[in-house]
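Hello,

Here is the structure I promised to pass on. Please open it, then read my notes below.

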Amino acid sequence: EFLIETLDSGELHSLSLQTTLTGDDFEAMRREEGLRPESLAVQFDIRNARFRPHPDLPPLEEAHVAGFVGGREIDISDAYADMVMADGRRLALTDVSFTKDDYWDAQERAALGLRLRGGADALASLLNTPLVGAAGVEELDPESLFGNVSLDVALSISFDADPGDDQSPVAVTGSLSGIALPGVFAGEDLGEGNFQVTYRNGNLDLAGEARLGGDRVELHLTQRPDAPVNVEISTILDAAARARRGMRLGNGLTGDLPLVIRTVLDPDGPQDLQIEANLTPTRIDGLVPGLSKPSGQAGSLSFILREGDGWLLDAISLESGATRISGSLALDREGQVLSGTFDRLQLSSGDDARATLRRENGVLRIDLRAATLDARPFVADFEIASGDTGGEDLDLDLRADAGQRPLQIDADVVRQRLQGRH
């Protein structure tokens with residue numbers, strides 16, 4: 001019955017039928033008890049066939065299906081076909097096998113296995129079909145996706161339920177090679193992607209290497225049932241890579257900068273970026289007033305990057321040697337500081353300080369409050385910075401908290417050195 005409903009056309013290349021049906025067998029069939037396994041033996045070979053397994057699935061063309069049907073079992077192996085998408089793109093289905101030990105038992109599932117090969121654009125077309133695509137996942141544009149796929153697929157199928165309703169166990173393993181997709185992450189193009197992919201019953205894992213914005217990255221993508229996609233990107237930014245992204249830090253930061261970026265691809269929510277930087281290989285000198293470290297000294301920086309009218313760096317945490325800094329910063333689209341709050345500002349051992357920043361009429365005003373503060377790192381860096389004619393206007397207000405001992409600092413000297421010159 002299934003074959004009659006799904007087969008549009010084809011050639012019956014060969015057919016062999018042997019039967020030993022008895023009166024008891026016919027009685028058993030009338031009672032829907034089925035046949036004895038040895039009562040029927042059918043071997044068939046169908047070529048150049050066109051199947052449509054389901055109205056909402058692409059048809060199978062140029063199919064070659066050969067197999068055996070017994071009194072209770074069905075066995076098909078080494079079948080092949082082309083799956084033709086509505087846009088004309090094709091995926092090759094090879095090594096197709098289908099087995100069902102007892103086709104009289106509606107509760108028993110059949111096992112289907114196949115190898116799927118072709119262009120990544122054709123796979124995108126398949127994933128965009130309602131019956132195959134995942135709910136809540138943004139459609140892929142086949143015109144923008146390049147590369148090749150080779151996937152082994154195994155399904156457990158129930159013929160007692162509609163394919164659209166049946167939660168069929170599915171296992172997919174294989175590779176994606178030469179993948180390219182423009183503007184895939186933070187507006188940057190992905191290219192030369194080679195990934196291993198595993199999918200089992202709604203759990204997706206994809207891992208491999210690619211180039212993102214021209215830099216080599218390691219990418220790990222995971223998704224669990226009824227959950228958004230999680231992405232982790234690991235890379236190392238050298239000076240040239242930092243400059244390409246507008247991070248022209250000069251001698252303030254030198255050396256390779258390992259980064260890990262994590263985000264959740266939620267089409268209904270903001271795409272926050274959790275960024276973690278390993279500062280150990282880097283040398284820092286004057287990047288932040290009062291902060292310096294040699295290459296090789298342990299250090300880390302983490303923050304959450306949120307995009308709006310500008311950029312918000314939230315939950316900042318920096319640790320290196322005695323330095324401990326935590327807070328948040330708001331930047332405009334050009335990276336200029338607009339405001340900030342630091343609830344912990346420790347540049348030297350024993351520091352107990354906090355600060356707020358705000359930009360008013362082109363001047364960045366810093367309000368620093370401290371119980372104790374070793375100002376020598378500040379003074380040294382600001383003295384150097386005061387000779388930089390490209391600096392901006394700064395205004396620093398230093399105060400000791402009420403009830404605490406006075407700060408050991410000459411605020412007038414620091415204020416003079418902070419007044420930017422042009």
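In the hairpin of E9 and E10, which residue takes a positive phi? Asn 201 does, with a phi near 50°. That hairpin has two residues between the strands.

First, some ground rules. This is a predicted model, where local features need pLDDT of at least 70, side-chain atom pairs count only at pLDDT 80 or more, and totals for chains, interfaces and linings use all residues. Residues are numbered from 1 along each chain as its sequence is written, and side-chain values use heavy atoms, with hydrogens and water left out.

Now the strands. E9 covers residues 188-200. E10 covers residues 203-212. The two run antiparallel, joined by nine bridges. One of the pairs is Arg 200 with Asn 203 in E10. Strands count as paired if DSSP finds at least two bridges between them.

E9 also pairs with E8, residues 170-185. This pairing is antiparallel too, over nine bridges. Here Val 172 has Tyr 199 in E9 as its bridge partner. The hairpin of E8 and E9 has two residues between the strands, and Ala 186 takes a positive phi near 55°.

Next, the whole chain. It has six helices and 24 strands. These are DSSP runs, numbered from the N terminus: helices are H or I with at least four residues, strands are E with at least two. Of the 422 residues, 38% are buried (under 20% relative accessible area, 1.4 Å probe, protein chains only). Take contacts (heavy atoms within 4.5 Å) between residues at least 6 apart in sequence: 45% join residues at least 24 apart.

Best wishes

Notes. Buried means under 20% relative accessible area, exposed over 50%, partly exposed in between (1.4 Å probe, protein chains only).
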